[in-house]
Amino acid sequence: MVLPYTDAIQRLVDSLAARIQHSVAVDDERGSLIVCSRHYGDEDQLRIDVVLSRRLPAPVAEYVNSFGIAASATPRSIPAEPSLGLKDRRCYPIRDRGRLLGYLWLIDAHAERFDEVVDDCVVQLAARLRERSLQVTEEEQRRRALVTDLLHGGEGSARAAGDLVDQGLVGAGDEVVVIVAGATTDPEAVASVIADATGRGGRDETSVRALTAAVGDRGVVLVAGRQGAERAAARLAEEVWRGLRQRDAGGGGVFVGVSNAGRLDEAPDLLRQAVLAAFAAAQLPELAPVVSWRDTGVYGPLMIAAMTAPELVVPPQIADLSTGARTDSLAHTAEVFLDAAGDTAAASERLTIHRTTLYYRLAQIENKTGWDLKNGRDRLTLHLGLKMQRLLNSDIPALLQGEDARRGSS
């Protein structure tokens, strides 16, 4: 989609290029190419690659940013770096009242001789880029509203899916993955991290789109593409975690959930998967801070059961095991033993007790429950019940009920 004012920016760039007989390129503040003039034989491999991909590769972004261009109000010369396919060039930051809007680039070892004429063009470009920035913001708000409607479900979801396809934002046959950050994070911070991750750094998943939104108080990312959406979502989820962690001044922890891949019409269910995965990451220390629905393992279906019929998988015998301190309880001993697949040596090491003490506790567990720990069915019943009890003792049920209430009122 060609935004208004892009033609005006292109005319300014073409006029400057013709006047100085050098190619001119203009990027936005994140390093994504906006327009480029014709070449005058001065292009390098980097310029060619950027024109094709529309993005600045991550190593190049790191190199040019090392010269302080993002904070500079004056032009900066960037030395050649053959390993990056980069010739000498000069960067002219484009600002409006101090706010960085983008960069103008010339490829030349002595481009400072053009500073006066380029500065005049930069002043005009600042006005055009300010207008473009407003238009981009409006477009982003409309996209976020569509993604939010899609994820809420119901009739509005179907309409939003159609609009996303009609506008070319998502393909009708695309696979989609949903990423959700924990409720303690700012949705705008999630959007900023995604913009940074997708605006800079050429990747293999160039055909994959990442659309951000806020659902309730959570930042959400819809990743869509014909191929590679799941791989791209895994990478972006890690980027979100790292980016949010850097912003986590409160130190409360950052947790991110990722859904399985699915169809566009399954987006509301994929949102639920991602929310549950984020809850699991926050509540269960043995899981990583970034968790996919697939990697929740048995906790996934147990979290759903925790809302509907927990009594079906928490037999009353398990309550008798939970007396005493957490690390001293028979319930904890049983869970560690079963997590170790019945390996008494591994279990006693994890519990930091003698193996004789472990055998004594296991005998107590059998006496209290009436189950035989050598029997596979009894072990499975106990293991599932213990996992469910852990979920019920956590904040997950309340969080899930709040999530359902929020979805029901949307």
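**Exercise 1. Which elements each supply at least two residues of the lining of the largest cavity, and what is the volume of that cavity?**

Start with the elements: strand 1, helix 2 (45–53) and helix 3 (58–65) each give at least two residues to the lining of the largest cavity. Helices (H or I, at least four residues) and strands (E, at least two) are DSSP runs, numbered from the N terminus.

A quick word on the model: it is predicted, so local features need pLDDT of at least 70 and side-chain atom pairs count only at pLDDT 80 or more, while totals for chains, interfaces and linings use all residues. Residues are numbered from 1 along each chain as its sequence is written, and side-chain values use heavy atoms, with hydrogens and water left out.

Next, what's a cavity? On a 1 Å grid over the protein atoms alone, it's a set of points where a 1.4 Å probe fits but cannot get out, and lining residues have an atom within 4 Å of a point. Grid points are joined across faces, edges and corners, and the volume is the space filled by probe spheres set on the points.

Now the numbers. The structure holds 1 cavity of 30 Å³ or more, and the largest cavity has a volume of about 110 Å³. Its lining includes Ala25, Asp27, Arg89 and Trp105. Helix 2 gives the largest share of that lining, 3 residues.

**Exercise 2. In what order do the 5 strands of the open sheet stand, and which strands stand at the edges?**

Step one: the order is 2-1-5-4-3, with antiparallel pairing. Two strands pair if DSSP finds at least two bridges between them.

Step two: look at the ends. Strand 2 (33–36) and strand 3 (76–78) each have a single partner strand, so one side of each is left without a neighbour in the sheet.

Neighbouring strands are turned by 25° against each other on average, direction ignored. Axes here are lines fitted to C-alpha atoms, for helices over the stretch in contact, and angles run from 0 to 180 degrees between N-to-C directions.

Step four: walk through some pairs. Strand 1 (residues 24–28) is joined to strand 2 by 3 bridges, and Ala25 sits opposite Cys36. Strand 3 and strand 4 also share 3 bridges, with Ile78 opposite Arg89. Strand 4 and strand 5 pair over 8 bridges, Asp96 facing Arg99. These two form a hairpin with 2 residues between them, and Arg97 in the turn has a positive phi of about 55°.

Helix 1 (residues 6–20) lies across strand 1, strand 2 and strand 5 (99–107), at about 45° to strand 2; contact means heavy atoms within 4.5 Å.

**Exercise 3. Is Thr352 buried or exposed, and where is its place?**

Thr352 has a relative accessible area of 69%, so it counts as exposed. You'll find Thr352 in the loop between helix 11 (344–351) and helix 12 (355–369). Its phi is near 55°, a positive value in a residue other than glycine.

Conventions. 1 Å grid on protein atoms, 1.4 Å probe; cavity = no way out; pocket = protein on both sides within 12 Å on 5 of 7 lines; lining within 4 Å. Buried < 20%, exposed > 50% of the residue type's maximum accessible area, 1.4 Å probe, protein only.
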